[in-house]
Amino acid sequence: MSDKKVRVRFAPSPTGGLHLGGVRTALFNYLFAKQQQGDFILRIEDTDQSRYVDGAEAYVAECLQWCGLTPDESPAVGGPYAPYRQSERKSIYREYAEKLVSQGHAYYAFDTPEELEQNRREIPNFQYGQVYRDGLRNSLSLTEHQVDELLDAHTPHVIRIKMPADERVSFTDMIRGQVSFETNQVDDKVLLKADGMPTYHLAVVVDDYLMKITHAFRGEEWLPSAPVHLLLWDYLGWKAEMPQWAHLPLILKPDGHGKLSKRDGARLGFPVYAMTWFDGKTGELTPGFRELGFLPEAFINLLATLGWNDGTDQEIFTIDELIAKFSLDRVSKAGAKFDFEKAKWFNGEWIKKVKGERLKVKVKSVLEEKGVVVSEDEYLLKVIDKIKDRCVLLPDFYQQAAYFFEQPKEYDVNAVKPKWTDAKTEFFIRFITILGREEVWDEATLETAFKALAEEKAIKTGELMLPFRIMLVGGKFGPHVFDIAALLGKVETITRIEKGLGVFTA
RNA sequence: GGCCCGUUCGUCUAGGGGUUAGGACGUUAGAUUUUCAUUCUAGAAACAGGGGUUCGAUUCCCCUACGGGCUACCA
């Protein structure tokens with residue numbers, strides 16, 4: 001490894017929502033960069049105009065922000081190697097493609113998409129390369145004169161790399177070690193499209209070079225095209241500056257097999273995108289982790305451990321710990337099936353771990369979205385601290401916290417009514433009186449008073465606790481019932497007992 | 001089909017020539033919690049198969065099987 005400053009890039013194409021695999025790639029980039037005191041760059045790969053989706057770039061930027069993966073350079077903040085949007089760099093790619101043509105490493109091809117389509121249909125295993133290129137319309141098969149004529153007539157054409165014959169291209173992947181390919185097996189990939197835009201293959205090499213990228217992380221699906229990139233780095237004369245590659249294992253469907261896709265989320269009922277994505281064209285709304293109530297800390301944590309571990313039993317990591325401990329040689333080679341149950345577990349752990357203060361704003365909006373009025377932040381904080389251990393996702397706070405702010409709308413009467421007695425009615429009427437005189441209002445006092453009265457009335461405490469809970473909460477859940485009463489306060493507790501009594505004896 | 005990558009409990013994984021193959025999620029049973037959840041304890045649960053190499057392979061090598069990726073003027 002050289003002593004150059006580490007520079008990595010996350011290079012998504014703005015075609016829609018950001019897949020969790022994409023976020024993980026961004027995360028690994030980020031962790032590596034920060035650990036090495038390097039730069040993390042966001043580059044937008046929008047070379048396919050037909051797939052461009054309005055708003056997708058802003059969405060990606062917001063995802064990164066939500067996750068805390070702030071780029072040092074990006075289209076939004078700029079940087080010394082701007083522009084960071086490939087569509088805005090269009091003019092610079094042609095030069096390199098032409099250079100390759102003049103060196104004999106690339107050539108013009110005039111075949112129409114339809115002709116190629118036909119070849120693929122009619123010729124088994126058709127590949128634009130070694131075997132068939134001479135029979136197609138390109139500057140290798142045509143005469144110089146013919147080529148000039150076509151060019152002069154502005155005939156639509158692409159520039160293709162000319163894969164060399166009988167060579168073995170190999171490189172050392174930081175995760176996989178030695179990987180090699182036979183050039184005869186690789187086709188002549190298009191470098192520059194007919195519209196003048198580069199394909200990924202050209203753009204990634206040119207931009208990684210120009211932006212002085214030192215390490216390139218991408219999904220394993222890119223492995224087969226690595227030889228094209230390797231050759232390009234070589235032909236362009238930049239071999240010494242080629243970044244070190246790392247091909248990350250894929251994230252797979254939890255059932256069956258294959259890459260995890262947006263559809264799987266819809267089918268299996270869990271999010272695949274980091275944040276909810278709204279498709280303006282179809283009107284389709286694809287839910288995201290953020291909106292489902294995940295904490296970014298948990299999302300990052302679960303992504304980090306999907307394909308990486310630190311070699312110990314530790315599973316919960318803060319971002320700083322990840323930065324300190326991340327290591328490429330502890331990234332596994334095999335794809336990982338996504339497990340939503342475990343994802344939820346991570347979130348629950350983080351809700352427990354994080355301070356109530358951190359949750360306050362989020363919980364408040366969960367409650368307010370449901371029409372629950374939260375007047376006092378301090379009270380909310382006490383409530384959060386009492387109940388957060390029982391919440392897995394942020395929306396769980398609604399059920400667990402709502403009754404602290406408003407009287408139960410419904411009562412689980414079936415849990416008490418069948419066993420209700422006049423003696424119990426008497427107990428609670430008497431309890432109201434006692435509470436009314438109570439000057440100290442805390443859990444212990446309440447519990448003592450409650451139990452003393454129960455003994456006096458000769459009713460088992462257990463017979464009374466549940467009714468009391470239902471009066472305050474409405475259902476069979478929540479923290480210790482005296483804790484709830486303590487938080488609710490004297491007036492509210494008495495009110496709820498009275499109201500509950502009315503419901504139970506109706 | 002071709003090429004490339006991969007393969008330890010259901011899932012994520014640790015380990016690595018000699019281990020009772022460890023942890024986590026989930027699951028099962030129990031304890032605690034006079035609700036529910038948390039928490040705690042215990043249990044079931046894995047080295048794809050076949051050849052080598054070796055005194056000894058789950059570990060190293062090869063083959064097979066299986067899985068995945070790619071095979072666009074998409075990334």
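This is a predicted model: local features need pLDDT of at least 70, side-chain atom pairs count only at pLDDT 80 or more; totals for chains, interfaces and linings use all residues.

Residues are numbered from 1 along each chain as its sequence is written, chains are lettered from A and ligands numbered from 1 in the order in which they are written, and side-chain values use heavy atoms, with hydrogens and water left out.

Let me begin with the domains, whose bounds come from an automatic or database domain assignment. In chain A this assignment gives domain 1 (7-74 + 250-337), domain 2 (87-206), domain 3 (356-401) and domain 4 (413-504). The centres of domain 1 and domain 4, taken over C-alpha atoms, are separated by 49 Å.

Now to the salt bridges, a term that here stands for a side-chain nitrogen of Lys or Arg within 4 Å of a carboxyl oxygen of Asp or Glu. The structure holds 36 of them. One is formed by the side chains of Glu62 and Arg290, at 3.0 Å from N to O. Why does this pair tie together parts that are 228 residues apart in sequence? Glu62 lies in helix α2 and Arg290 in helix α9 (residues 289-292), so the bridge joins those two parts.

A second bridge is that of Arg176 with Glu220, where the closest N and O atoms are 3.7 Å apart. This pair links distant parts of the chain, with Arg176 in the loop between β5 and β6 (177-182) and Glu220 in the loop between β8 (215-219) and α7 (226-235), 44 residues apart. Are these partners buried or exposed, or something in between? Arg176 counts as buried at 18% relative accessibility, and Glu220 counts as partly exposed at 27%; buried means under 20% relative accessible area, exposed over 50%, and partly exposed in between (1.4 Å probe, protein chains only).

Asp255 sits in the loop between β10 and α8 (262-268), whereas Arg267 belongs to helix α8, 12 residues apart.

Ala304 and Arg24 are 280 residues apart in sequence, and their C-alpha atoms are 6.8 Å apart in space.

I will close with the backbone. Most residues other than glycine have a negative phi, and most peptide bonds are trans. Gln37, in the loop between α1 (20-35) and β2 (39-42), has a positive phi near 55° and counts as exposed at 63% relative accessibility. Ala458, in the loop between α17 (443-457) and α18 (461-473), has a positive phi near 60° and is exposed at 71%. Finally, the peptide bond from Ala82 to Pro83 is cis, with omega near -5°, and Pro83 lies in the loop between α2 (56-67) and α3 (90-102).

Technical notes: Helices (H or I, at least four residues) and strands (E, at least two) are DSSP runs, numbered from the N terminus.
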